[in-house]
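Thanks for making time this morning.

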Amino acid sequence: MTNYVHQPLFMTGDEFSMATFSLLDPEGELYEGAREPDLPRDHARRLYQAMLATRILDERMMAAQRQGRLSFYMQSTGEEAAVVGAAAALDDADMIMAQYREQGALMYRGFSIDEFMNQLFGNELDYGKGRQMPIHYGSRKLHYMTISSPLATQIPQATGYAYGQKLAGDGHCTLTFFGEGAASEGDFHAALNMASVHQVPVIFFCRNNGYAISTPSTEQFAADGIAPRAFGYHMHVIRVDGNDALAVYEATRQARQIAVEQNKPVLIEAMSYRLAAHSSSDDPSGYRAKSEEEAWRLKDPILRMQKWLLKKGWWSEEEETSQQETLRREVLDTMKRAEKRSPPPLESLITDVYADITPELQRQFDQLKRHIRRYPEAYPRGARSLDLEVNTSTDSQGEA
Amino acid sequence: MPTMNMLQAINNALDIAMAEDDKVICFGEDVGVFGGVFRATSHLQEKYGKSRCFNTPLVEQGIIGFANGLAAQGSVPVAEIQFADYIFPAFDQIVNESAKFRYRSGDLFNVGGLTIRTPYGGGIAGGLYHSQSPEAYFTHTPGLKVVVPRNPYQAKGLLLASIRDPDPVLFLEPKRLYRASVGEVPQEDYQLPIGEAEVIKEGTDITLVGWGAQMEVIGKAVELAEEQGIACEVIDLRTLLPWDADTVVESVLKTGRLIVSHEAPLTGGFAGEIAATIQERCFLYLESPITRVTGLDTPFPLVLEKEYLPDHLKIFEAIRESVNF
């Protein structure tokens, strides 16, 4: 029904004010009036342990990158609660379509350290066959879509995937992660509008971590963050404290109910902070103050949940120490194994481009093999795959 | 055997695919109750319901992004882009996503179920933005298949094959022929092979290669040439990626002469790819330079469309020059 007025009335959105849902304060105490979510002990421990394991994996792998053992890495430091809290609120068979900084969700679902390492080192056991840069994980059995570097492309895909889930009627939904920077891409708007029009069980989970590489969110959008955009699509929306695992868990749990029971999309904006650099190739000291980082360090999501667990008696200092030691050792041991493994076979250059290798591709490959046989020293990995003798001291790892 | 125009043949193929498999889903701008601006999806919503044939918002990148996700989930999306001229907002989703989905995941995930249908080409007074032939942008993208039918019979058989093909297919429909091309089309289900060219006329003096609506134009030029006693061999490539070089090579080894014709501009057009391959594989057998008869290196015109297009007279002249070289 059209509501006519007879004086011009301009609006800016300032008429609304988005509240932020938060349950735990930085000391791990429930805020007054906050109700503890129905999160059983084992589930809470699983959530926490995945956050902790993610932090340790990130620390070790960043160090390995600095030692030159790895070509590239991306940490999720500071955002573990946003990612793992969301994953913990899903059914393990719900699809996750992530951006790239969501290794915590995979960790929560049980991706092994070996599986992480095989991808990071692009060895013969990497599911992606050494084709993508480090951190582009994927797992079919864990319902985690393989990461794609182009930003925001996964968002409309999540709408489509969830539409298929709705037609299949299996009671599952899709959750897609993206950053507040990626939300500027056209794909974001396309995805939200289509999901709302077609009533699709999808959760759009925005990690608002303050920065898109060096660009602060103040230079990314003029409005109050990403959440108010939902109004334009007539979509359910909630803004949540991204450093509060309990709040993220509860918000996502309820969002999932809306998605699956009502076939409606939900937008969640988790307010957090990227404590680490964008990637191993970035140095934040060029664009932000240390003091800003320090302020956010005090809101560490892992410490916050740890304090809550300790108070409940669901976790102990001893467990914390032994868990950290065990994980560090496991990461180092698996890293050593993974980096020693063979590279993917030469044939993986031409497989999976199409379901079947085309005759033209086979012809090009045969030509390449003849060339490598002629100059094996120049192509140590290919030569190794073809079982050719290579008379050189070339260290193939050094080429990464 | 019933007679159909190309739209009816396409509609019939979609109908068969949807009846056979619940996972086949058709969508795009105006494809729902209206049946598409050209009516290729007429009555499909009526027959299969709104959840399997529907309108999308007006957002090409969203349509293909949605289609990629739906295909990854295991459905069989047939997405329509209303005009090939408007496919470019979806370029990223097609080139970086559809084409690389299987490869980048090591075959954990794929969008093989995806077919993108889109009308292309000129000759309908459509100007810059309703006439383009963008095939060469996509033939440069490993992981995609690019298919173009020349008549109703081919359209039905190739579309059914595309929908069932295990790789994502860009299916370019020559819109000038939508209603103009009429022919016998079997009512029943059949497929034509993807990746195989067809020799539609044998001859010994010169080979002409094309695809889609250009086959009709080549046909007219060949009639003129035959009147002058030039025996032409005519090949419809049908699939541009991966293309059937062997069939063209075999023909040129016999005729020693080759003309390739397409509506798209000359520079960077797919004819260049064919010419390069054929000179490499038939070098010592060539009697004259390989010739390309194409659109000009300009945007597609409106009022001077006739002058721009590589029509039968331009092709006929190229045939004469090649034979008299």
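**Two chains, sheet by sheet**

Let me start in chain B, where seven strands make an open sheet with mixed pairing, in the order β3-β2-β4-β5-β7-β6-β12. When I say strand, or helix, I mean a DSSP run, numbered from the N terminus, with at least two residues (E) for a strand and at least four (H or I) for a helix; two strands pair if DSSP finds at least two bridges between them. The edges of this sheet are β3 (53-55) and β12 (239-241) of chain B, each of which pairs on one side only. From one strand to the next, the twist averages 20°.

Residues are numbered from 1 along each chain as its sequence is written, and chains are lettered from A, with ligands numbered from 1, in the order in which they are written.

Inside that sheet, β2 (residues 24-28) and β4 (residues 76-80) of chain B run parallel and are joined by five bridges. If you want one pair to look for on the screen, take B:Gly28, whose bridge partner in β4(B) is B:Glu80. Helix α3 (residues 60-73) of chain B packs on the sheet, where it touches β2, β4 and β5 (115-120) of chain B, and its direction makes about 170° with that of β4(B). Helix α1 (residues 6-20) of chain B lies across β2, β4 and β7 (169-174) of chain B, and runs at about 135° to β2(B). These angles run from 0 to 180 degrees between N-to-C directions, with axes that are lines fitted to C-alpha atoms, for helices over the stretch in contact.

Now to the other sheet in chain B that I want to show. It is open, with five strands in the order β9-β11-β10-β13-β14 (chain B) and mixed pairing; its edge strands are β9 (198-201) and β14 (291-295) of chain B. Direction ignored, neighbouring strands here are turned by 25° against each other on average. Over five bridges, β10 (residues 206-210) and β11 (residues 232-236) of chain B pair in the parallel sense, and B:Val209 has B:Ile235 in β11(B) as its bridge partner. Helix α9 (residues 245-255) of chain B lies across β9, β10, β11 and β13 (258-265) of chain B, at about 155° to β10(B).

How is chain B divided into domains? The assignment, which is automatic or taken from a database, gives domain 1 (3-184) and domain 2 (198-323), and their C-alpha centres lie 26 Å apart. Between them, 25 residues of domain 1 of chain B are in contact with 21 residues of domain 2 of chain B, where contact means that the C-beta atoms, placed from the backbone, lie within 7 Å. On the domain 1 side, α6 (135-139), β6 (145-147), α7 (152-164) and β7 of chain B each supply at least two residues. From the UniProt record, an unreviewed entry, comes the annotation "domain: Transketolase-like pyrimidine-binding" for residues 4-180 of chain B.

Chain A is divided as well, into domain 1 (20-340) and domain 2 (346-399), with 37 Å between the centres of the two, taken over C-alpha atoms. In an unreviewed entry, UniProt places "domain: Dehydrogenase E1 component" at residues 49-344 of chain A, a span that is 46% helix and 11% strand.

Where do the two chains meet? In the model, 35 residues of chain A are in contact with 35 residues of chain B. The largest share of the chain A side, 10 residues, comes from α5(A).

Finally, a word on confidence, which pLDDT gives for each residue on a scale from 0 to 100. Its mean is 95 for chain A and 98 for chain B, and the model scores ipTM 0.97 and pTM 0.96. Over residues 394-400 of chain A, however, pLDDT stays under 50. Where pLDDT is low, the predicted coordinates should not be read in detail.

Definitions and conventions: This is a predicted model: local features need pLDDT of at least 70, side-chain atom pairs count only at pLDDT 80 or more; totals for chains, interfaces and linings use all residues. pLDDT is the predictor's confidence in each residue, from 0 to 100. Two residues are in contact if their C-beta atoms, placed from the backbone, lie within 7 Å. UniProt positions are given in the numbering used here, feature names are shortened, and annotations may be inferred rather than shown by experiment.
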